[in-house]
Amino acid sequence: MEEFLVPSPKDLAWKHCQMFKEGEKTRMKCIYCGEIFEGGGIHRFKEHLAGPKGGGPMCQSVPPDVRLLMQQDLDVITAKQNSQQLKIQEEESDVHLPLSDVGMFSNPFSNFESAPGMRRKKDVGWKHCEMLKNEKRVQIKCNYCAKLFKGGGIHRFKEHLAGRNSGGVPSCTRVPPDVRDLMEQHLSPIVVRQRKKRKSKREKLDDVDSPPGGEDVYIFADYSDDMITPLRAVAACNLVEVNSDFLLDGEGTSNGNLGTRKSAIAVAASDDADALIAMGSETADNPIHAIWGRFLYDIGASLDAMDSNFSQPLIDTVAYGRPGIAAPSHQDLRGRILKSLVEEVKGDINQYKTRWVKTGCSLLVEECNSESGVTILNFLVYCSQGTVFLKSVDASNLIHSTDGLYELLKLMVEEVGAGNILQVITNGEEHYIAAGKKLMDTFPSLYWAPCAARCIDLILEDIGKLDWINTVLEQAKSVTRFVYNNSAVLNLMRKFTSGSDIVQQGITRSATNFTALKRMANFKLNLQTMVTSQEWMDCPYSKQPGGLAMVDIITNRSFWSSCILIIRLTSPLLQVLVIVSSEKRAAMGYVFSGIYRAKETIKKELVKREDYMVYWNIIDHRWEQQWQTPLHAAGFFFNPKFFYSIEGDMHNKILSRMFDCIERLVPDTEVQDKIVKELTLYKNAEGHLGKKLAIRARGTMLPTDWWSIYGGSCPNLARLAIRILSQTCSAIGCSHNHIPFEKVHRTRNFLQRQRLTDLVFVQYNLRLRQMVDGNKKQIPEDPISFDDVSLVEDWITQNELCLEDSGSSDWMSLVPRSVNTLPLAPSTDESEDVASGFDDFEIFNGSKDV
């Protein structure tokens, strides 16, 4: 029994959750997405609302202003924590040296005495040296070569043992190899090096003079052997202990004028922690960022390079590596490094091949047409573990030849293994259809299928051409074009949307029309507040024709009503497009139900048959080829989430297509008969399929996992179900930006062509790997980024270039957009809304061949 509690009013996040009690456990529930938290406290819940700030699940339904508020609150908390940490470091910066068991030493150190009273440190380096004190000077003596160090601390001594030769530290010639290796291991993760301080940082953070003396005169400091964050690295370089006896001048006396000062870094941390956190990351004049900028601009690289998952490991490796490491040469990159990565990728593909045998795979054919008229076909293989790229072929001379295309497809099927392939997915043009039919005749155990994502894109394109919808889209585009071509208006818009954009990129160009319209509708109130504000009234653009037209549209109730209806009609189709393009799960078990739900939604919205049949006819016309694919119906049948939600008998045509899959995909007739017998167990939920665990898991577990766990009582049926449910429905790879496909086929030197072929092989598979791993950075696209403009071009570019108005478009005056603002997305699971009720037979019979 749930008992709702009254939360504490002290923290602002309590306003956005509900507390309730189940038994003795107290839980929190997000009021936006319904996520329930069993632990972690209010801080973890704030991370949930803030999005990328935390490592837990991110709320997809939180309003942008609430998300921004949570992010700001977490920044303050982080700043306070770092400030406290720096103060603790300041208090502990006094060096604690180990006790020496030796009193006096013989020559040549007769003037030295042991340093009693020094507290023992835990660093491994202290075991290999002795501490000596000559009057007020404390020095270190190496146990192996007797080298005497006047300063520099245990870190510098470990460099001596490791043989690093950094900063003029002499290497020990008598240290045992095992000790040298140990010191090297301890030094490798340490970031802090004694480097020349830059004047700009010294003016901001350090009002303390550097200690005088030669190269062996340093503050005795024992740096942590753990990895040091950039923030702690700054602190470690700048901390100076108050009244330290170990801050020596050239004569070995205490430098008193420094003893009365606080550490500059501690003052900065206590006075302005936010500025300290920003340093080294977001600071406009960060010299590291400037170096990166010069490098990328010089080579003409895509700025998307910094969004790669491999960029941060590169930065970390350079930062944590020892000084003086040389960058790989041009010859290294085109030689041994490329060779190594080719072997690495081939090793990954060999691991995937074992999955191809077990769960089957889909051969994907991706067509790319260049501006010069070259047609390139990319061949990829999809399985439940991920997608891999095999090769690209210049098909310019055979693309419209049914026989030539068939021979190429046949060759690739044989290369992958006909017994592993369940389907070959291509575009749906006539020459592909003809080649696909010949392929099915040659290989009776596989299907040819058109790309589902391409079909849905064409459906959205046709819907967008309807007169009343096209009118609304053009009105919305006129607003965004005006906003995104005038810096003052764009700044004002982002102010009222908390740094968010009102244009969002979709998966395809046609999908972008409706994704952007939905995004704009989400900020309806923000836009209306903006155009009625005093700031807009004072803005010179409010009197211009474009500004007046924008206000008329934003304040027009009929416009927004039309937007809402369009969004309701197209959202289910956008959801299906997301499903069939997803790398998170195989789409085969969801696409059939997705199209059903899209047609059902349109029917409920428009009610009258003559109204909704306009949209149904568009869907049926484009989806006709998909209805002919038995795999979609079989995927629907074998998904327990949908199968057990149907009241009464399954539609005959779904059963017919499922039986077709059994006959085609299972050549052995004895196994076919066993599968048909086991269908009764599935229908009646007998054996393991009827366990309470299995019943509860029907809607929460991936269908392939469900069959793998609970299908033991019908092993032949389970094996077939898993092979079908493990497939995709679309031939979509990943971004082709800066992958030289065309250059490969233009190169006439055979050796260079092979090298470029391997380079493309590595590039494409590395990008696919990021999609498979699911750790691709969530970087919100900037609509006016020149690297991402293609899909949103119609929404941000003027129909005609007006040079006389270019003065109003000063990009340097733009206020930076919020980097923490991610695209608005539905909070529900991508297949959650297609789960219940399939009793409208008009939908099944809406197409000619259904």
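The views below are taken from a predicted model.

**Figure 1. Overview of the predicted chain.** The chain contains 36 helices and 13 strands. Of its 850 residues, 46% are buried. Among contacts with a separation of 6 or more, 66% are accounted for by residues 24 or more positions apart. The chain exposes about 42800 Å², and carbon and sulfur atoms supply 52% of this area.

**Figure 2. A nonpolar surface patch that includes isoleucine 732.** Isoleucine 732 is found in the loop that runs between α32 (715-725) and α33 (741-746). Its relative accessibility is 32%, and isoleucine 732 therefore counts as partly exposed. Together with Ile507 and Val578, Ile732 forms a nonpolar patch on the surface. The accessible area of these three residues together is about 210 Å².

Figure 3. Threonine 747 counts as buried because its relative accessibility is 13%, under the 20% cut-off. Apart from neighbours within four places in sequence, threonine 747 is in contact with Gln752, Arg753 and Leu756.

**Figure 4. The packing of helices α17 and α23.** Two packed helices are described by the angle between their axes and the distance between the axes. For α17 (residues 467-483) and α23 (residues 557-580), the angle is about 115° and the axes are 10 Å apart. The crossing of the two helices is left-handed. On the α17 side, Trp468, Ile469, Val472, Gln475 and Ala476 take part in the meeting. Their partners in α23 are Phe559, Ser562, Cys563, Leu565, Ile566 and Leu569.

**Figure 5. Helix α1 and the glycine that follows.** Helix α1 covers residues 41-50, and its buried residues are Ile42, Phe45, Lys46, His48, Leu49 and Ala50. Just after α1, glycine 51 adopts a positive phi of about 85°.

**Figure 6. Positive phi at two residues other than glycine.** Serine 498, although not a glycine, has a positive phi of about 60°. Serine 498 is placed in the loop between α18 (487-496) and α19 (509-522). Valine 607 also shows a positive phi, near 65°. The place of valine 607 is the loop between α24 (591-606) and α25 (609-627). With 61% relative accessibility, valine 607 counts as exposed, because the cut-off for that class is over 50%.

Technical notes
Residues are numbered from 1 along each chain as its sequence is written. This is a predicted model: local features need pLDDT of at least 70, side-chain atom pairs count only at pLDDT 80 or more; totals for chains, interfaces and linings use all residues. Side-chain values use heavy atoms; hydrogens and water are left out. Patches are made of residues with over 30% relative accessible area and no salt bridge: like charges are joined within 9 Å, nonpolar side chains (Val, Leu, Ile, Met, Phe, Trp, Tyr) within 5 Å. Accessible areas come from the Shrake-Rupley method with a 1.4 Å probe; for residues, only the protein chains shown count as cover. A salt bridge is a side-chain nitrogen of Lys or Arg within 4 Å of a carboxyl oxygen of Asp or Glu. Helices (H or I, at least four residues) and strands (E, at least two) are DSSP runs, numbered from the N terminus. Buried means under 20% relative accessible area, exposed over 50%, partly exposed in between (1.4 Å probe, protein chains only). Contact means heavy atoms within 4.5 Å. Axes are lines fitted to C-alpha atoms, for helices over the stretch in contact, and angles run from 0 to 180 degrees between N-to-C directions. A crossing is left-handed if the near helix is turned anticlockwise from the far one by less than a right angle, and right-handed if clockwise.
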